[in-house]
Amino acid sequence: IIEVHGHQKQGAGFGYSKVRGLNAFLATLTTAGHAPVIVAQRLRKGSCGSPRGAARLIGDAVKQARRLLGADQPVLVRMDSAFFGGPAVRAALAGGADVSVTVRLTSTIKTAIAGIDESAWTTIEYTDAIRDEATGAWISRAEVAEIDFTAFAAQKTAHHVPGRLVVRRIPDLNAEKKKAAGQGTLFDVWRFHAFFTTVPADTLDTVTADQTHRHHAIIEQVHADLKNSALAHLPSGKFTANAAWLVLAVIAFNLTRAAAVMASGATRQTSKLAKASTATVRRTLITVPARVASSARRITLHLPESWPWHEAWTRLFDRVADPPMTAPS
C-alpha cells in the first residue's frame, strides 16, 4: 500500500492495512545467488481485495520467468494466504509452474491437520534451536509434518488440485505464559502454520519444502526497497499517470539490479553487490563524486582517489561502454 494524502488522487482508498492509498501489485523472480527482479506489476485501487487480478498477474509472471530462465527450469510460485484460491493457483499451474501457498486455518484444514499421525512430526531448525553434535539432530520445539491434500475439493472435479499440505507447529506462547503463572494445561498447546504445495515429495521433502516456503517474505524487502526510492510517493492525481510511474519505478529497479550484477566481482566486498539493495547500489555506483575535465576535445572524468568501489565501477563502465556485439560470420 502506497500511502497518499491528497483528496484528488484517483482510486485512493482504505484497504486491509487501514491506510489510505493505492495498491501496487508485484511479482518478483528470485534465483540462487542474486537479488530478486520484478517480472510483473499492476497498480490497483487502494480498497481492492488482495486476490483481485491475481490470476492474470501470476500468469504473466510465470510466462516472463519462463522467457528468462528457459522452458526446462522449474518455477515455484510462492504466495501468502490471501491468494489461496482456485483462479490464482490454476493460473500458475497452467503456466507449468508449481505452487507453494499459505492456507487459512479453515475447518477443512484443521480436520486435515488432526489426521496427521503423531509419529510423522519431524524436529526442524527454528528460532532458539540447538544442534546436537553427537547425533546431528536439532533440539527444537518446532516440528513439521505433511499429509496428502486435495485443494478446492468442494468445487467441481475439474477444479480439484491434488498436492501436499505441509504443517509446521510451534508451542503456543500464550500457553507457556499461563503455565508460568500457574495455569498449566493437561496437554501441549500448539500453533499451526500450514501451506499447500504441488511440488512432488521426491523433489522437496517435508523439511526442505518448509524452508523454501519460509523464504516467500523476500517480496516485503522489494516493497521496502521501492518505498525507499521511486515509490516513496505517487506524484499525480491521475490513476493512469501513477500506473505509468509504477512501470518506470519497476524498470529503474530492474536496471539497477542488472548494473549491480555486472559490477560485482570476485572479492568479498564487490561480490555483495549482486544482492545489495537499491540504496546501496545508488550510493556506491551511481551517486559518485567526480570532476569532469575537457582538453583537446577529449573529456576526462576524475574519480576519487583510494575509492573502495573503483574496480566495481570500472567493470560496470567498461561493460556498458563496450562496442555492440557482432553476429558471428
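The model is predicted, so local features need pLDDT of at least 70 and side-chain atom pairs count only at pLDDT 80 or more, while totals for chains, interfaces and linings use all residues. Residues are numbered from 1 along each chain as its sequence is written, and side-chain values use heavy atoms, with hydrogens and water left out. The secondary structure of the chain comes to 10 helices and 14 strands, where helices (H or I, at least four residues) and strands (E, at least two) are DSSP runs numbered from the N terminus.

**Overall figures**

- Of the 329 residues of the chain, 37% count as buried, a term that stands for under 20% relative accessible area, with exposed meaning over 50% and partly exposed the range in between (1.4 Å probe, protein chains only).
- Among contacts in the chain with a separation of 6 or more, 52% come from residues 24 or more positions apart, a contact being heavy atoms within 4.5 Å.
- The accessible surface of the chain comes to about 19,800 Å², of which 55% belongs to carbon and sulfur atoms; accessible areas come from the Shrake-Rupley method with a 1.4 Å probe, and for residues only the protein chains shown count as cover.

**Salt bridges**

- The structure holds 6 salt bridges, each defined as a side-chain nitrogen of Lys or Arg within 4 Å of a carboxyl oxygen of Asp or Glu.
- One of them joins R169 to E118, with the closest N and O atoms 2.8 Å apart; this pair links distant parts of the chain, since R169 belongs to strand β11 (residues 161–171) and E118 to the loop between α3 (107–114) and β7 (122–123), 51 residues apart.
- Salt bridges that share partners join E118, E143 and R169 into one network.

- The structure holds 6 aromatic pairs, a pair being rings of Phe, Tyr and Trp (its six-membered ring) with centres within 6.5 Å, where planes under 30 degrees apart count as stacked, over 60 as edge-to-face and the rest as tilted.
- The rings of W121 and F192 have their centres 6.2 Å apart and their planes at 45°, so this pair is tilted; W121 lies in the loop between α3 and β7 and F192 in strand β12 (residues 190–197), so the pair ties together parts that are 71 residues apart in sequence.
- W121 is buried, with a relative accessible area of 11%, whereas F192 counts as partly exposed at 28%.
- The charged end of R169 sits over the ring of W121, 4.2 Å from its centre, and R169 also lies over the face of W190, at 4.1 Å from the ring centre; for such an arrangement, NZ of Lys or CZ of Arg is within 6 Å of the ring centre and within 35 degrees of the ring normal.
- F84, F149, F152 and F196 form one aromatic cluster.

- In helix α2 (residues 86–94), G86, A88, V89, A91 and A92 are buried, and what covers the buried residues of α2 includes α1 (54–69), β5 (76–79), β6 (98–102) and β11.
- Helix α2 is followed by G96, whose phi is positive, near 85°.
- I147 is found in strand β10 (residues 143–151) and counts as partly exposed at 23% relative accessibility.
- Not counting residues up to four places away in sequence, I147 touches A112, G115, I116, R164 and L165; of these, I116 is 31 residues from I147 in sequence, with 6.5 Å between their C-alpha atoms.

**Nonpolar surface patch**

- V247, L248, I251 and L255 make a nonpolar surface patch of about 360 Å²; patches are made of residues with over 30% relative accessible area and no salt bridge, with like charges joined within 9 Å and nonpolar side chains (Val, Leu, Ile, Met, Phe, Trp, Tyr) within 5 Å.
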